[in-house]
Amino acid sequence: MDTVKISELLRATIDPAQRLQAEEQLNQVHKIIGFLPTLMQVIMQNELEIPVRLAGAIYMKNLINSSWQDREAEGGNPIPFAIHEQDRAMIRDTIVEAIVHVPAEVIKVQLCFCLSHIIKNDFPGRWTQVVDKVSLCLQNSDPNAWHGALLCMYQLVKHYEYKKSAERGPLTEAMNLLLPQIYTIMMSVINEPSEQSVLLQKQILKIFYALTQYSLPLEVITKEVFACWMEICRQILERPAPDSAHMEEEERPQLPAWKTKKWASHIILRMFERYGSPGNVISKEYKEFSTWFLQTFTSGLLMVLLKILDQYRNKIYVSPRVMTNTLDYIKTAVSHAFSWKMLKPHIMEIIRDVIFPLMSYTDADEELWESDPIEYIRKKFDVFDDFVSPVQSAETLLHNCCKTRKGILTQVMQIIMQIINTPGLDHKEKDGALHMVGSLAEVLLRKKIFKEQVEQLLMQYVFPEFASPHGHLRARACWVMHYFSDIKLKNPQVLEQIMRYLSNALLTDKDLPVKVEAAMSMQMFLISQEEAAPFLESQIKDITMELLRIIRETENEELTSVLQKIVCTYSDQLPPIALDICQHLATTFSQVLESDDTGDEKAITAMGLLSTMETLLAVMEEHPQVLAALHPIVLQVIGHVLQQNVFEFYEEAFGLVCDLTSKSISPDMWKLLEIIYELFQKNGAEYFVDMMPALHNYITVDTPAFLSNQNHVIAMYNMCKSVLTSNATEESECSAAKLLEVIILQCKGHIDDFIPSFVELALMRLTREVKTSELRTMCLQVGWNYFKVL
């Protein structure tokens, strides 16, 4: 096959004017034996420009992903195309060398995707040679070859990363050969400061982490070998990082030196938490190992981690990931007497000079608050951000120290009081002190010596901040109250005062983050304090409408749960504004769906809005007129989801259909049944279980209307037939058989012409394999009920 022709076609795919025609021609020739090896030759031609070679690598990746393995024909369709074994053998033979020798990193990345897919399908069965090929490249005296070989090795290790020990045999065998080789390379480059050398170190650490993070293969990594790797991590963490003061803050963690330290800190933390923490290891096979780990490595590792914290104290930059891992390691060390003995002399300095500054309001916080309050809120409530946040790790370490170690809480409270009573205290430091108080709420409320003083502490130091000129302190006051919502108050007037502060913050504060924190805190008091609800009754309509407004503005999923609590708690007060609430929810739902954001947060917010709508329908059941007015709005939302095929929300949408058909079925809801049937025929069969409660309502709530149109019965039969004669789950099949039974029982005497078809359908399903007794019973019951109605 002609490399020139293929390279011309690839070049044409980059040109928008020629792309479609070129892709069509490639699709015509890619099934010819020899195409893939020729494409590899094109990718490896150094004289070709990088975009053309990259287009070739991407085409190869897509082809390998879709057509590498042989597949059988399904449902009478022709056998799907698969790459010929001759071509597969040639690719297996060349891909490791290709990754090693191709100079452009973007092309290496695409070829690594190819290699990963090949390993997944062919290793070890068809291709044990990959290990020898990687080994040979690692023996190369040219460091330029090591990078590609390490990328290949990483693909192999990643394939087994989350597999159980019993499934890792081929990897274990490979590591007996490869692990000593990468250790040798690491030792040859560990003292080299060049960027190439540091990136090699990073890649080696990534391999070691992937190899050990889920299961530690003690048969390969003996204690002697493990100690060598721990020493590597210790050295990397100990050595100074290059000066990065001239760089932008967000660029500094991307320095190769900090990336390497990040992986070294990942490794020591993972080894400690998973295998080296006596009493907390993942398996009894690591019991003896954990004791050895604690006694062998605690001193050396804590010493280097304390140095990292000392750098932070001295205003020397430490990347957020390294700081997070350092604090998490120390948190685990606090729990063990052996390591606590070494930490104890340093812990108050750590709390005062590291944890307190981390928990204080920063210049970066202030800039974000002022420039983009909605992004500030998003960042604050991002649960995924907490996993890599030094602030969250500082909170957890502080809490762990005060909860588990005698006398520490008293000393910490003395430090906090000393800070908070400092004359002319900076507002950012005051935030840090209050942040520490809130983080210790659970411990303070449990310790007898403190819980009697908490009410006074809140009144003296937190209440005044509701009137602070600094928005972040008003937000912090709301946040602190949130965490003390379980408090047993001696004076009922204090609870009234708290609820007044929170409602005022929600309704009158000019800063959006304050409103959000107030709403969250208000919810917690409504949950924890039974006496709290009456204090908001007079303002509940204003509170509800303001909540709806800020939900629309922020699209924050946490606030939808606040609204649900409000709707449930004040169901008697809300009927006059129920229509406005529902319209707000519907409009906000449309806004969220139409936004450019495609992340998980958007989906969670949208689900929360639909769930709140469902709650609103439930609490308005005792107000039929209000409920009737809500139906068209909810129906519009359901139509949006179903007609736009927003399948992520089908479950919630069918839940709403069930609610709207639970008491009566309007003409519009009968029209919706037609939409549901059309959706089922297109792509909705897998959601049949979610549809089932609503379909049940259509049959049972207004049976005469159901029977008035024969197409209703035909539609139900066709859906059940589709489920019972396809490869649906048995849960779906049980629902289909149940639906047939319901129709027979509910409509007896009116559908006699259909019943033989119903029975035949159910009994024919029994001629194929049935895994559950439930399905067998359901199908037999259809036949049994037929004989009962005869």
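Where is the place of Glu555? Glu555 lies in the loop between α28 (540-554) and α29 (557-569). Its phi is positive, at about 55°, although Glu555 is not a glycine. Pro124 is placed in the loop between α6 (105-122) and α7 (129-138). Most residues other than glycine have a negative phi, and most peptide bonds are trans.

This is a predicted model, in which local features need pLDDT of at least 70 and side-chain atom pairs count only at pLDDT 80 or more, while totals for chains, interfaces and linings use all residues. Residues are numbered from 1 along each chain as its sequence is written, and side-chain values use heavy atoms, with hydrogens and water left out.

**Helix packing**

Helices (H or I, at least four residues) are DSSP runs numbered from the N terminus. Axes are lines fitted to C-alpha atoms over the stretch in contact, and angles run from 0 to 180 degrees between N-to-C directions.

| Pair | Angle | Axes apart |
|---|---|---|
| α10 (195-212) and α11 (223-238) | about 135° | 12 Å |
| α32 and α34 | about 15° | 11 Å |

The angle of about 135° between α10 and α11 makes α10 oblique to α11. Angles under 35 degrees count as roughly parallel, over 145 as roughly antiparallel, 65 to 115 as roughly perpendicular and the rest as oblique. The crossing of α10 and α11 is left-handed, a term for a near helix turned anticlockwise from the far one by less than a right angle. In this pair, Gln201, Ile204, Leu205 and Phe208 of α10 meet Trp229, Ile232, Cys233 and Ile236 of α11; contact means heavy atoms within 4.5 Å. The residues of this contact comprise 7 nonpolar, 1 polar and no charged. Here Ala, Val, Leu, Ile, Met, Phe, Trp, Tyr, Cys and Pro count as nonpolar, Asp, Glu, Lys and Arg as charged, and the others, Gly among them, as polar.

For α32 and α34, the angle is about 15°, and that makes α32 roughly parallel to α34. Their crossing is left-handed. Leu635, Ile638, Leu642 and Gln643 in α32 meet several residues of α34, among them Met669, Leu672 and Ile675.

**Pocket and cavity**

On a 1 Å grid over the protein atoms alone, a cavity is a set of points where a 1.4 Å probe fits but cannot get out, and a pocket is an open set with protein on both sides within 12 Å along at least five of seven lines; lining residues have an atom within 4 Å of a point. Grid points are joined across faces, edges and corners, and a volume is the space filled by probe spheres set on the points.

The second largest pocket has a volume of about 380 Å³. Of its 19 lining residues, Leu627, Ala628, His631, Leu660 and Ser664 are the closest to the centre. Helix α32 contributes the largest share of this lining, 6 residues. The lining as a whole has 9 nonpolar, 5 polar and 5 charged residues.

The count comes to 1 cavity of 30 Å³ or more. The largest cavity holds about 100 Å³ of space. Among the 13 residues that line the largest cavity, Trp369, Tyr376, Lys380, Ala475 and Glu517 are the closest to its centre. Helix α25 gives the most to this lining, with 4 residues.

Note on methods. Helix = DSSP H or I, 4+ residues; strand = E, 2+ residues; numbered from the N terminus.
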